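Here is a briefing on one protein chain. Keep the sequence and the 3D view open while you read.

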Amino acid sequence: MYDVYKIRKQFPMLTNNIKMQNKPLTFLDNCSTTFKPQCVIDAMNEYYTKYTSNSHRGDYDLSVNADTKIEEARKEIASLVNSEVNEVVFTTGATGALNLVAYGYGLKYLKKGDEIILSVAEHASNVLPWFRIAELTGATIKYVEIVNGRILAENLRKVISNKTKIVSLAHVGNVLGYVADIKEFAKIAHEYGAIMVCDGAQSVPHIKTDFKDLDVDFLAFSAHKMCGPTGVGALVGKYELLQKMDPFTTGGGMNSVFKKDGTVDYRLPPYKFEAGTLDVAGIIGFGRAVKFIKEIGIDNIHKHDQELIDYALEKLKDYKDIIIYNKDARNGILTFNIKGVFPQDEATLMNYKGIAIRSGEHCAKLLDNYLDTKATCRMSTYLYTTKEEIDVFVDAIINGGDILDAYFN
Ligand SMILES: Cc1ncc(COP(=O)(O)O)c(C=O)c1O
């Protein structure tokens with residue numbers, strides 16, 4: 001039995017009586033980031049207060065302890081996404097991970113005339129690194145068409161060809177929240193000899209994401225969207241591809257030998273990609289967050305997200321002034337506009353009522369033509385969101401009052 005109230009007790013941001021605009025905080029911007037449970041904060045604090053030391057460096061117990069904790073975190077993450085432990089590379093987040101594939105793999109293997117396939121629904125972090133690689137290599141970007149918010153395999157087949165070297169798509173889009181059939185896309189990409197990169201920033205925290213079963217080549221995600229700390233994430237990559245790939249950053253820790261003549265021996269993956277001092281506390285917090293997620297159960301989290309969106313949709317079904325862009329997505333994301341109201345005004349009005357939602361383009365700036373609107377509002381739930389919070393949100397939509405109250409009070 002999913003006890004959301006018991007879960008909430010573990011989050012200081014939910015128990016500390018936090019207010020916004022002097023009203024109880026209703027946090028519905030979980031696509032953007034999530035709150036951290038006490039166990040994650042404690043795990044990080046413990047590193048700072050009981051065993052601070054650098055990792056991969058020392059021969060003394062403290063440092064070995066930091067190494068052990070990092071490798072424990074790696075194991076947790078590998079088991080969550082069903083990869084081998086040595087396929088998990090720590091990065092600064094999904095953005096860092098996508099840049100690592102783009103520069104480490106794309107820059108090395110792409111050439112003029114090659115093609116990269118994206119969709120217009122991709123987050124900037126899964127577009128801009130590929131723009132750079134296209135610019136640097138002479139490769140071309142192609143877009144798979146979106147139909148009713150979804151990417152269909154048949155449309156991927158329309159754009160893919162033997163020139164395609166990389167297909168990079170989100171498993172769950174951060175604006176519309178549909179789950180893409182990444183397993184089928186990976187199969188199609190492989191038929192054409194291309195690699196499949198999966199942006200898992202919005203899927204790994206919310207739905208079962210099985211690296212081996214999906215058979216993607218790379219999977220990128222961030223800790224902070226799944227109850228972990230900011231500034232840390234992972235790139236999971238098939239080991240043989242990690243071996244072939246170049247490091248993006250070089251420096252301490254990732255080499256075994258370098259000589260005056262410029263020769264360098266890199267360490268084996270994943271260490272080859274982890275240059276410099278790692279975010280040890282962050283990685284420890286990431287590992288603890290993953291353990292926390294596993295304890296609750298990813299399928300339970302997904303069901304909870306779905307129930308909340310169903311509940312919101314039911315409550316809003318007779319409200320004529322709302323335009324909902326992703327009614328059947330049911331993945332913890334509700335993207336909408338209120339007729340005649342500028343989205344940022346709506347978000348400001350919500351803020352005035354203590355409710356955090358996001359407005360704008362949500363970093364998916366190619367999507368506006370498809371949605372036929374420049375901007376939208378996005379409400380997003382997570383494992384600690386309650387129906388009472390949805391009630392507050394729905395009430396603010398229906399009985400929102402005058403936007404001028406928000407600006408002039
Ligand atoms: C789909 C998607 N990809 C990538 C990112 C980038 O994540 P980060 O900023 O944590 O690197 C986000 C963040 O919102 C996202 O939603």
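Predicted model: local features only at pLDDT ≥ 70, side-chain atom pairs only at ≥ 80, totals over all residues.

The protein is divided into domain 1 (4-30 + 297-408) and domain 2 (41-295). Strand 10 (residues 195-199) is mostly covered, with five of its five residues buried.

**Domains**

- Domain 1 is made up of 4-30 + 297-408, and domain 2 spans 41-295.
- The C-alpha centres of domain 1 and domain 2 are 29 Å apart.
- Across the boundary, 21 residues of domain 1 are in contact with 19 residues of domain 2.
- On the side of domain 1 that touches domain 2, helix 12 (298-316), strand 16 (333-338) and strand 19 (376-380) each supply at least two residues.
- Helix 12 gives the largest share of that side, five residues.

- Which residues of strand 10 are buried on each side? I195, V197 and D199 are buried on one side, and M196 and C198 on the other.
- Strand 9 (residues 164-170) runs parallel to strand 10, and five bridges join them.
- In this pairing, V167 stands opposite M196 of strand 10.
- Strand 9, helix 8 (residues 182-191) and strand 10 form a β-α-β unit, and this unit is right-handed.
- Strand 11 also runs parallel to strand 10, joined to it by three bridges.
- Here D199 stands opposite A220 in strand 11.

**Helix 3**

- Helix 3 (residues 38-50) has 13 residues.
- At 1.5 Å a residue, helix 3 should span 18 Å. Its end C-alpha atoms are 17 Å apart, which agrees.
- V40, A43, M44 and Y47 are buried in helix 3. They cover an arc of only 90 degrees around the axis, so they lie on the same side of helix 3.
- Which residues are exposed on the other side of helix 3? They are T49 and K50.
- The buried residues of helix 3 pack against helix 11.

**Backbone features in loops**

- The peptide bond from P269 to P270 is cis. Its omega is near 5 degrees.
- P270 sits in the loop between strand 14 (264-266) and helix 11 (280-296).
- N17 is not a glycine, yet its phi is positive, at about 55 degrees.
- N17 lies in the loop between helix 2 (12-15) and strand 1 (19-20).
- Is N17 buried or exposed? N17 counts as exposed, because it has 7 C-beta neighbours inside 10 Å and the cut-off for exposed is 12 or fewer.
- D215 is another residue other than glycine with a positive phi, near 60 degrees.
- D215 is placed in the loop between helix 9 (211-214) and strand 11 (218-222).
- With 16 C-beta neighbours inside 10 Å, D215 counts as partly exposed.

Key. Residues numbered from 1 in each chain as written. Helix = DSSP H or I, 4+ residues; strand = E, 2+ residues; numbered from the N terminus. Buried ≥ 20, exposed ≤ 12 C-beta atoms within 10 Å, placed from the backbone. Expected span 1.5 Å × (residues − 1). Arc of directions from axis to C-beta. Contact = placed C-beta atoms within 7 Å. Pairing = 2+ DSSP bridges. Right-handed = clockwise from strand over helix to strand, strands pointing away. Domains from an automatic or database assignment.
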